[in-house]
Amino acid sequence: MDKRWQQLGDLLVNYSTRVQPGERVMIAFIELETYPLVEAVYRACIRAGAFPQVQYLSETLNRQLLKYGSIEQISWVPEIESYGMDWADVYFGLRGAYNLEVFWDVPAEKLALLRKSMGAISALRWQKTRWCLVRVPNALLAQQAGVDEETITDMFFNACFLDWNKYGKQWKEWAERLSRGKHIRLVGNETDLSFSIEGRTWEAAVGASNMPDGEIATSPVESTVDGYIYFEFPGVLGGRLMNDIRLRWEKGRLVEASSSTNQDFLLSILNTDAGASCIGEFAIGTNPEVKYFCKDILLDEKIGGTVHIALGRAYPQTGGTNQSSIHWDIVKDTRQHGEIYLDGELVFKNGQFLF
């Protein structure tokens, strides 16, 4: 086994979540290729004196549910998973990449129902556990990124093994500077979007909830969101790619939404519930080692110099109030053409902070 897996397992247990003796730990083993990291995390938990349990999940199993299940079955929120969030002190979601075409023949409305039920579990994870999510590299992830498996694996480990104290200090300083402002305007390719952040704060993500990590995030004041945004990268959710997403808000209300592919699914997601069409998060990617767009949000939102928004559920720690069963991040590439203004002052240009 590659010794880097054990190094990563130790990092997740002892740094990201700081597992303590006697704590209960749920390890979600998602896709078979993630087993080396499952074993490494399990071992590190045992050595920490914790009580780990492993649960196997897979998108290929979800395909069986979507193909042959009733609406009642697809909408069902699994009791064991719900109970797991009550039982666990710490949760690890170790997610392998999967074939994005696995749901190619599943109607959009069924897929949206499944995302809603999975979102209910996600909300419980947020509320009741310390958690960390990882997208484990494999051949499918390399194919999605358009590179070879060795390159994507090395990128992954390099991004995980940053000097977290050094980078965390810098990112927290940027977050503190942004938190002193009241208004954000994002300008870029087919984009002019503005909103208030008065009363909200910015948080730097430094390896606790995701690994690799690297973003600075806030929650807009929902009623103040105004303008439009275009995404150069496709939005990805439930294995569906939505290319050329364009969204427009007026005084916090979404008034236009389109994509050149899978628009029916896009609209289904936006209609999941009352909060699904609001921006729950606005963030800037800061990890210098995440360089390739992988069609996977756990990695793509960390690409240094990009920005992303999340539709749906807001982070309460930044002052966000929007409620939804979804939290869907979509990445915009601002490394060549993008500007962020804080209270009218240019603070970010073409992927670089100016302070």
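These legends walk through a few views of one predicted model.

Residue numbers start from 1 along each chain as its sequence is written, and side-chain values use heavy atoms, with hydrogens and water left out. Because the model is predicted, local features need pLDDT of at least 70 and side-chain atom pairs count only at pLDDT 80 or more, while totals for chains, interfaces and linings use all residues.

Figure 1. Helices (H or I, at least four residues) and strands (E, at least two) are DSSP runs, numbered from the N terminus. Along its principal axes, the C-alpha trace spans about 50 × 50 × 40 Å. Buried residues make up 58% of the 355; buried here means under 20% relative accessible area, exposed means over 50%, and partly exposed is in between (1.4 Å probe, protein chains only).

Figure 2. S82 has a relative accessible area of 18%, so it counts as buried. Setting aside residues up to four places away in sequence, S82 touches V77, I121 and L124. Contact means heavy atoms within 4.5 Å.

**Figure 3. E301, in the loop between α11 and β15.** Helix α11 is 297–300 and strand β15 is 307–312. E301 is buried, at 4% relative accessibility. Its side chain makes a polar contact of 2.7 Å with that of K302. (A polar contact is a pair of N or O atoms within 3.5 Å; within protein, one must be able to donate a hydrogen and the other to accept it, and residues adjacent in sequence count only if both atoms are side-chain atoms.) Beyond four places in sequence, the contacts of E301 include N210, G214, H308 and D329.

**Figure 4. The cis peptide bond between M211 and P212.** Omega is about 0 degrees here. P212 sits in the loop between β7 (203–205) and β8 (215–218).

**Figure 5. D343 and its positive phi.** D343 isn't a glycine, yet its phi is near 50 degrees. Look for D343 in the loop between β17 (338–342) and β18 (345–349). At 46% relative accessibility, D343 is partly exposed.

**Figure 6. N350, in the loop between β18 and β19 (352–353).** N350 has a positive phi of about 50 degrees, although it's not a glycine. With a relative accessible area of 30%, N350 is partly exposed.
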